[in-house]
Amino acid sequence: QDGGLERHQDPKKERQSKVMIVVLLLASVLVICLCYAYQRFTKGRDQLAAVELKRLQETDSFLQKILSNASIQQLETHKFRGITRKLQTATLEFRDIKCTVKSDSGMAVVLDDLSGSFLAGHLSAIMGPSGSGKTTFIDVLTGKKHTDSKWTVTGDLLINGEKQSIEYLKPVIGFVPQDDTVHEGLTVRENITFSAMKRMPAGTKEHRIRKITDDVMQVLQLESKQNMIVGNRVTTGEGLSGGQRKRVNIGLEIAACPTILFLDEPTSGLDSNSSLVLVQQLKRLAKLGMTIVMIIHQPRYSLFTLLDDVVLLGTGGHLAYIGPTLRAKPYFERLGLIMPENENPADWMMDILCGEIDQQYSRIQKAELPAILFEWWRQNPHPGNEPLPSGLRHGETHNLEQQDRDCIKQHLKDHWAEVARGITELEEEHFAKVLKSCTGATPSEEVAGEIMRRVVNLDSGSASTYFDERAMYNARDAKGDPDTVRLKSFIRYMLAFRGISAPEIAAISTGDSETEQSSDEDRQDEGSGDSGEDEEGFFCRPRRRSNRYDDVDSDLIRTQAGFCTHLQCTLRQSMLTFWRTMEMKMLFLLVICFAAAFLAVFDRFIFESPTWMPTTFLNAQIALALLVSVYCLQVFSVDQPMYWREASHGLNRCAFLVGRALVDTLDWCLLMFFFVLVYYVIAQPLLTFIIYMWPFVLVAYVASGWGYAISCCLPTSMGAFISAILAFAMGGILGLPMQMGVFLNGGIMEILVDCISFTRWSVPMGFLASIEMNPPDPQFLPDTDKWQLTMYEDAYRGAHFQLDTKQSVWWTAVLVLILQGSLLRVVAYLGLRFTNRDRQI
Ligand SMILES: Nc1ncnc2c1ncn2[C@@H]1O[C@H](COP(=O)(O)OP(=O)(O)OP(=O)(O)O)[C@@H](O)[C@H]1O
């Protein structure tokens, strides 16, 4: 006998319960298998992409070999495929920027009347002693200081000559913070891919995202580490090195192909060679039209000379110089400062800014430095126009490039003539011989075919100013394999591959009879639409803007990807992390099963509680609520800095919350299911499994909501503590069945428990269902149980707020608990949005 009931169910109900348990167990296994299958699918897709990339890289390196035999200039080793030239650039001009901060000792000036500009396509550096205001300057330019009440910023910002708020350019601005904020649970490649997906313009195709990711891997030399999980060596002992992590941090911004890129000390933590390589790559990105501004400390000489412009800030935020890097030394020499022999100019300038120079190298009194420099710059803010060192003057560079192009053309023509003198069009077999003649190496069939397709493809559709990048570096989409290739197309392609733009190639005249002859053929081939041909008609095919390709960033302002893309990214990210943290989940599952078994054993065998007793529901539900709410704390607290960073770049917060919460629902459903299963099997309550489980599902829904709300609104360190208190107060005190009579009296207390206690609703669901389906026989009940049964039933059924339906307590409880859980999710959203605002700018 068990409180007036025998502890076994009607066989039909028992069978139903068993079927339901098996179905839910199978569903759990299915969920885990689906996660695994998704993981395998993405891996397989990445492997296919890697094979494709290898084919393209082999082709590129063959083409590089041809060029390196022909070119007189140093060649780039990597061709950008996804990060393309900017058709719209942004020059950033600032005028009279003054910035003050409220401190204990009053208002302090941090930046003092800064004026100047950062040119589009230039790599600029901000240098200065510690505390001179470099970071503040970048914060002002990126708009981070404008919303902070402690700071006052005055002055104007002009974009391409027009007064604008920086907000206008926000979607195309990249900012690399000094601290390495990355997704630690994802691989290097996934980090970059998701960043590109979230921040590239809406509608960017997946193939371009993949190419951008490949570019970033190459640029930052992360290819060999691309499938490694970033991790955290400090907390787990596993993961990337500090330098590699730094490069991922930078890669997250480059992946967004920003028009303006700010970097706060990108070289700190990198060895001098890696720093040099990084700055070389940044310079290449700048050449694509980006405006790049970085803070840099003590660059070595070779690195310093790579910088196009430099800003020298002195203590107190005063400007000592802004202008071309190469003019900085002559400028200071003109003022009477002499650089000692074999000194690194960057170090010398830093010494000047700190006033730490040897008097024998200065005609200015040491005591006057650096204040006098600030004053002179204020009076005459011009770097001067002394001639630049030989080899760096524009005309000389231009001549060198001209010679380089001529060399390439001649080289290709010579080798073509070696194989097929007098013939201007070749089939693949003979074209492969030309390729061999150019390099001395036999190209594989794949490589020769790919080159041939690219050459022909480029001819058939190209943009008006720049060649179609996709046609340039991957001819997979070409319509069928071409039969023949022409010399002029081959030369044109090689020049384009060298990085020469379409109009420049069009402007090149060959003076070659073979090509003149072929240009006549072309005219006939191409009909009368060739209005753009030059006299020789060789390179000047009219350039149609291709509609087939969308790989060029043509607008200054971009519409960022919206809710759906961000939701998709968050879901994919969370699924990957879900699978990778399976071990931790299994551990937690064990803890949950242990807690359930412990409670069930006590309820059934030690306290011998009747199965309808509300306190058994209460204890189990509080335990579950506590475990689930603590577990859900990590959903939003574990990588908050990354969230802040992404939010500042336009992450859709609602998509982020929905995506994370959806995948986490799988988690807490599994935990809840195993908890209830273990408890049910041991305690054997007299309800079918599904009816018994429903209140627990709703409790877990509310508890997960508490977890999200706490982690989004309060500091992480307080999370577990607050969760425990809430489970105790909302579940334990305000849901105590013994006290329900006191609470449910129609007054303020009833409203209070109705609104905030979850056990006040979930306990009567199980209790009333239990006594309705299996009414206890009063003649077998001891007096105390009889009294308790009547008291609990009266209290719950007598509650004032109830829906007017059949099984009103049950359905009111379902409605209220769903409302509670949903409201808590709204609170979590508000917390995400409105707390830590200053970090999300
Ligand atoms: N929140 C703040 N409250 C008061 N003063 C501040 C605050 N933030 C910065 N400062 C002051 O502003 C000045 C410039 O700081 P900033 O961080 O921009 O310098 P920095 O040149 O980037 O230094 P470092 O090279 O050491 O990073 C410093 O004197 C600093 O103490």
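Mentor: Four strands form an open sheet in the order β2-β1-β4-β5, and the pairing in it is antiparallel; two strands count as paired if DSSP finds at least two bridges between them. Strands and helices here are DSSP runs numbered from the N terminus, a strand being a run of E of at least two residues and a helix a run of H or I of at least four. This is a predicted model, in which local features need pLDDT of at least 70 and side-chain atom pairs count only at pLDDT 80 or more, while totals for chains, interfaces and linings use all residues. Residues are numbered from 1 along each chain as its sequence is written.

The edges of this sheet are β2 (106-118) and β5 (162-163), each of which pairs on one side only. Between β1 and β2 the pairing is antiparallel and extends over 9 bridges, with Thr-100 standing opposite Val-109 in β2. These two strands, β1 and β2, form a hairpin with 2 residues between them. Strand β1 is also joined by 8 bridges to β4 (residues 151-159), again in the antiparallel sense, and here Leu-92 stands opposite Ile-159 in β4. In general, strands of a sheet pair through backbone hydrogen bonds, either parallel or antiparallel.

The residues around the ligand are Val-101, Ser-103, Val-110, Gly-128, Ser-130, Gly-131, Ser-132, Gly-133, Lys-134, Thr-135 and Thr-136. By class, the shell has 2 nonpolar, 8 polar and 1 charged residues, where Ala, Val, Leu, Ile, Met, Phe, Trp, Tyr, Cys and Pro count as nonpolar, Asp, Glu, Lys and Arg as charged, and the others, Gly among them, as polar.

There is also an open sheet of 6 strands, with mixed pairing and the order β6-β9-β10-β3-β11-β12. At its edges stand β6 (173-176) and β12 (318-324), each with a single partner strand, so one side of each is left without a neighbour in the sheet. From one strand to the next the twist averages 15°, and angles of this kind run from 0 to 180 degrees between N-to-C directions, with axes that are lines fitted to C-alpha atoms, for helices over the stretch in contact. Within this sheet, strand β3 (residues 123-127) runs parallel to strand β10 (residues 291-295) and is joined to it by 4 bridges, and the bridge partner of Ala-125 in β10 is Met-294. Helix α10 (residues 371-379) packs on the sheet, where it touches β11 (309-314) and β12, and its direction makes about 60° with that of β12; two residues are in contact if their C-beta atoms, placed from the backbone, lie within 7 Å.

Notes
Near = placed C-beta within 6 Å.
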